[in-house]
Amino acid sequence: MDFESLRKILKLELSKGYADTAVIGGLDRFLQNWSGPAIASISNRRLLGRFRKLGLDKPHYATLTREQRQQWAAEVLNLLEEILAEAEKKPGPKSAPRTSHPTPRARQPGPVAGSLDSPITVVKGISASTATRFEKLGVRTIRDLLYLFPHRHLDYSRIKTVSQLTEGEEETIVANVWQATETRPGGRRSTEAIVGDETGNVRAVWFNNPYLVRQLTTNTRIVLSGRVKLFQGRYVFESPEWEPVQETDLIHTGRLVPVYPLTQGLRPRQVRKLMKQVTDQWAWQVPDFLPEAIKQHRDLLELPQAIYHAHYPDDEALKDRARVRLAFDELFLLQLGVLNKKREWQEDQAANPLGTQIEVLDKFIKSLPFQLTAAQDRVLKELLADLEKSKSMSRLLQGEVGSGKTVVATAGLLMAAANDCQGALMAPTEILAEQHFGTICQLLSATGQTGEQENHINTYSGILSRPITVALLMGATPAARKRELHRQIQDGDIDIVIGTHALIQKEVEFQRMGLTVIDEQHRFGVAQRSTLRQKGHNPHVLVMTATPIPRTLALTLYGDLDLSVIDELPPGRQEIKTKWLKPSQRESAYAFLRREISAGRQAFIICPLIEESEVVQARAATIEHEHLSREVFPDLKLGLLHGRLSAADKEKVMRRFYNDELDILVSTAVVEVGIDVPNATVMMVESADRFGLSQLHQFRGRVGRGKEQSYCMLMAQEPSEVARMRLDIIENTQDGFKLAEEDLKLRGPGEFFGTRQSGLPDLRMAKLSDVPLLEMARTEALKLFEEDRALEKPEHAPLLKEMTRVWTTEAGEWS
């Protein structure tokens with residue numbers, strides 16, 4: 001007799017909170033069928049007496065309160081243990097091996113082959129070829145499989161009768177198979193079945209699948225889930241999910257059914273079945289690293305429970321609680337990691353304090369052709385206060401294009417030189433590095449007198465008691481010149497060096513680095529910041545970005561940095577006129593663009609994709625460039641820029657545009673950062689509804705750099721309601737920070753930067769738009785960090801192990 005099946009059902013019933021939902025039709029109905037054969041198989045009179053006393057032969061579970069059900073289930077489980085133990089004493093065939101069904105409340109007993117870090121081939125049903133397919137999804141180990149969460153869940157949990165079915169809805173029924181035959185609709189070998197319950201019958205068809213006929217035998221009881229259609233006046237399920245009614249958990253029907261990411265060769269049913277097997281066996285083996293105090297304070301699920309219910313939740317409430325726990329983990333580990341990086345940088349090695357040389361600073365500020373804004377003044381004070389400390393500065397400076405970040409950075413670099421230290425500024429592109437070199441040289445020439453100028457090395461006197469030397473170092477710098485620059489930097493002959501990634505190459509050694517400035521942060525990851533920092537003896541670091549990032553998001557992604565914001569533009573800066581245009585206005589948009597070019601200006605045209613896609617009706621840059629060159633502007637000079645060009649080719653195209661050799665630059669989103677063309681006055685964005693607010697604002701910031709009025713035209717064919725809201729907002733708002741906040745609300749941060757942050761652990765569950773959860777994780781991380789920075793307390797050992805695993809495998813070292 002199979003006593004194990006009842007044991008499994010009671011374990012499942014426990015996990016579902018004694019709601020009488022472990023078996024379809026309720027536990028009483030199951031017991032009525034099960035108890036007869038069970039009584040016949042029990043020979044021990046004492047055990048049989050307890051069996052009857054518990055009412056297993058005359059069940060009334062449905063009438064009990066939750067507390068009574070809990071007590072009754074515990075007593076029945078004890079009885080089953082004794083019955084199984086009794087059976088094992090007897091000679092003869094042993095009862096079926098016991099496999100506990102996972103409950104969300106306790107780690108499951110029973111050994112499993114391998115460990116969480118074992119390759120997935122230890123799982124029954126995963127061959128080497130299947131493992132190769134999973135590898136395309138980034139899944140190699142059992143742990144990876146457990147963290148391969150579904151995109152979403154289909155709600156097949158509400159079971160209806162045939163008479164309650166509604167056309168067009170996703171429905172679930174429990175029915176008997178009356179007949180199954182092979183049919184050939186449209187010449188396709190298919191299976192058709194008539195199924196029914198006490199309220200009526202319904203047809204189900206599985207196209208291109210004749211093999212189901214053998215499985216759907218007459219009188220088989222099945223659960224069907226899928227969309228109901230009306231065909232010739234009758235309801236029909238087309239290719240629904242199905243499975244036999246069983247005493248254990250359903251997988252494909254009758255519940256919240258997970259929808260997993262797939263790749264070629266992996267089928268939905270196959271992956272669901274494997275994932276159910278893996279979560280049943282392995283979720284309970286995952287050690288919970290989160291300190292007990294945090295779990296209790298924040299009412300978070302246990303980790304095994306959260307993993308299990310992220311895949312196979314009993315209901316929406318448990319699914320949400322699972323997401324909260326797993327998202328909290330990701331944000332909490334991220335926060336602890338970046339806080340630790342900051343601790344390492346500030347405490348492992350003292351920095352050179354850079355005293356403020358008031359006389360030099362005043363001279364520099366007075367020489368500026370404008371007055372500093374209140375925001376610039378405030379940020380400069382924050383910067384100088386940090387530089388004076390022997391603890392190394394880690395500061396993120398945010399400010400719109402044109403808000404005056406470079407002036408603040410130059411003042412900092414000047415203070416480094418005044419303290420006999422070197423300064424470096426790293427930019428993401430060669431053109432931007434050249435532009436910074438030009439700007440800084442212009443500012444210094446206004447403060448002092450220009451001396452020697454040769455091959456991108458300029459000297460300025462009259463600012464300090466000795467001349468200041470500024471150099472430009474890039475990948476394109478000739479090899480012999482590069483070697484000479486490397487020597488001069490190492491000897492301390494150059495005070496301020498401006499460059500690209502060339503600055504972080506191993507050949508570049510600084511004699512006494514005092515301050516590093518990194519421009520356009522989201523193009524540089526944590527690892528690259530670290531590399532540049534290691535070039536000096538723990539220099540101060542200032543990171544600048546023109547991408548407005550909401551404060552909470554900035555604190556999460558850059559928790560290792562203090563935050564400064566230049567939140568006002570210089571007075572008199574003109575607004576870029578922005579207009580959302582409909583397809584019927586395209587010709588007048590082209591005519592306007594032509595008028596601007598006739599007046600000697602230049603224009604950008606942005607397209608969202610490199611290649612045409614049938615799914616996304618967006619204009620591809622390559623096709624658009626050909627169309628515009630041949631049919632719309634055949635008399636003008638057009639350039640093409642997209643992500644598949646090599647870095648050298650990109651630089652070439654941008655340089656031609658910068659030098660006014662091109663009238664129009666057709667580009668994908670790669671133009672978002674790093675090109676300053678004062679002569680460009682028109683930004684035309686195709687399929688503007690495909691971009692987020694922050695990206696649209698970045699595109700708009702590419703124009704309006706000169707004295708002429710600039711314009712931004714947003715083309716959108718049939719925008720969705722959310723896209724319309726975005727377009728309305730950007731038409732009427734010039735403030736990048738307001739737009740960034742709106743962007744997070746409207747579409748979340750997945751696409752916030754256009755490119756994923758490098759050097760940080762992946763976020764699989766967390767949404768950076770979930771501000772309350774972000775703040776909760778940050779609060780708990782800060783509290784724990786203050787209490788036990790190095791995670792040395794015994795109770796934090798599991799957390800230390802997890803931090804080491806996450807930050808070593810995904811984001812550089814944790815220590």
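I take helices (H or I, at least four residues) and strands (E, at least two) as DSSP runs, numbered from the N terminus. The expected span of a helix is 1.5 Å times one less than its number of residues.

**Entry 1: ground rules**

I am working on a predicted model, where local features need pLDDT of at least 70 and side-chain atom pairs count only at pLDDT 80 or more, while totals for chains, interfaces and linings use all residues. Residues are numbered from 1 along each chain as its sequence is written, and side-chain values use heavy atoms, with hydrogens and water left out.

**Entry 2: confidence**

I looked up pLDDT, the predictor's confidence in each residue, from 0 to 100. The protein chain has a mean pLDDT of 83, with 87% of its residues at 70 or more. Residues 92-110 have pLDDT below 50, and I find 45 contacts for this stretch in the model beyond near neighbours in sequence. Contact here means heavy atoms within 4.5 Å. For residues 610-618 the pLDDT also stays under 50. That stretch has 19 contacts beyond four places in sequence.

**Entry 3: helix α23**

I checked the length of α23 (residues 721-732). Its twelve residues reach 17 Å from the first C-alpha to the last, close to the 16 Å expected at 1.5 Å a residue. For burial I use relative accessible area: buried is under 20%, exposed is over 50%, and partly exposed is in between (1.4 Å probe, protein chains only). Ala 723, Arg 726, Leu 727, Ile 729 and Ile 730 are the residues I noted as buried in α23. They lie on the same side of α23 because they cover an arc of only 160° around the axis. The arc is taken from the directions from the helix axis to the C-beta atoms. Exposed Glu 721 and Asn 732 sit on the face of α23 turned away from the buried side.

**Entry 4: the nine-stranded sheet**

I traced an open sheet of nine strands with mixed pairing, in the order β12-β13-β14-β15-β11-β16-β17-β10-β18. Its edge strands, β12 and β18 (562-566), each pair on one side only. From one strand to the next the twist averages 20°. Two strands count as paired if DSSP finds at least two bridges between them. Strands of a sheet pair through backbone hydrogen bonds, either parallel or antiparallel.

Thr 450 has Tyr 460 in β13 as its bridge partner, and Gln 453 stands opposite Asn 458 in β13. The hairpin has two residues between the strands, and Asn 455 in it takes a positive phi near 45°.

**Entry 5: helices on the sheet**

For angles, axes are lines fitted to C-alpha atoms, for helices over the stretch in contact, and values run from 0 to 180 degrees between N-to-C directions. Helix α13 (residues 374-387) packs on the sheet, touching β10 (394-399), β16 (513-519), β17 (540-545) and β18, and its direction makes about 155° with that of β18. Helix α16 (residues 479-491) lies across β11, β12, β13, β14 (468-473) and β15 (496-499), at about 140° to β14.

I then picked out Gln 376 in α13. Gln 376 is buried, with a relative accessible area of 3%. Leaving out residues up to four places away in sequence, it touches Gln 371, Ser 403, Gly 404, Val 407, Val 408 and Ile 566.

**Entry 6: loop residues**

Which phi does Asp 20 have? It is near 60°, a positive value in a residue other than glycine. Asp 20 lies in the loop between α1 (3-15) and α2 (27-41), and is buried at 19% relative accessible area.

Asp 420 also has a positive phi, of about 60°, although it is not a glycine. I place it in the loop between α14 (405-418) and β11 (422-426). Asp 420 counts as exposed, at 52% relative accessibility.

Arg 188 is in the loop between β3 (170-183) and β4 (190-197). It is partly exposed, at 37%. Beyond four places in sequence, Arg 188 touches Thr 183, Phe 207 and Asn 208. Arg 188 and Asn 209 are 21 residues apart in sequence and 8.6 Å apart in space, C-alpha to C-alpha.
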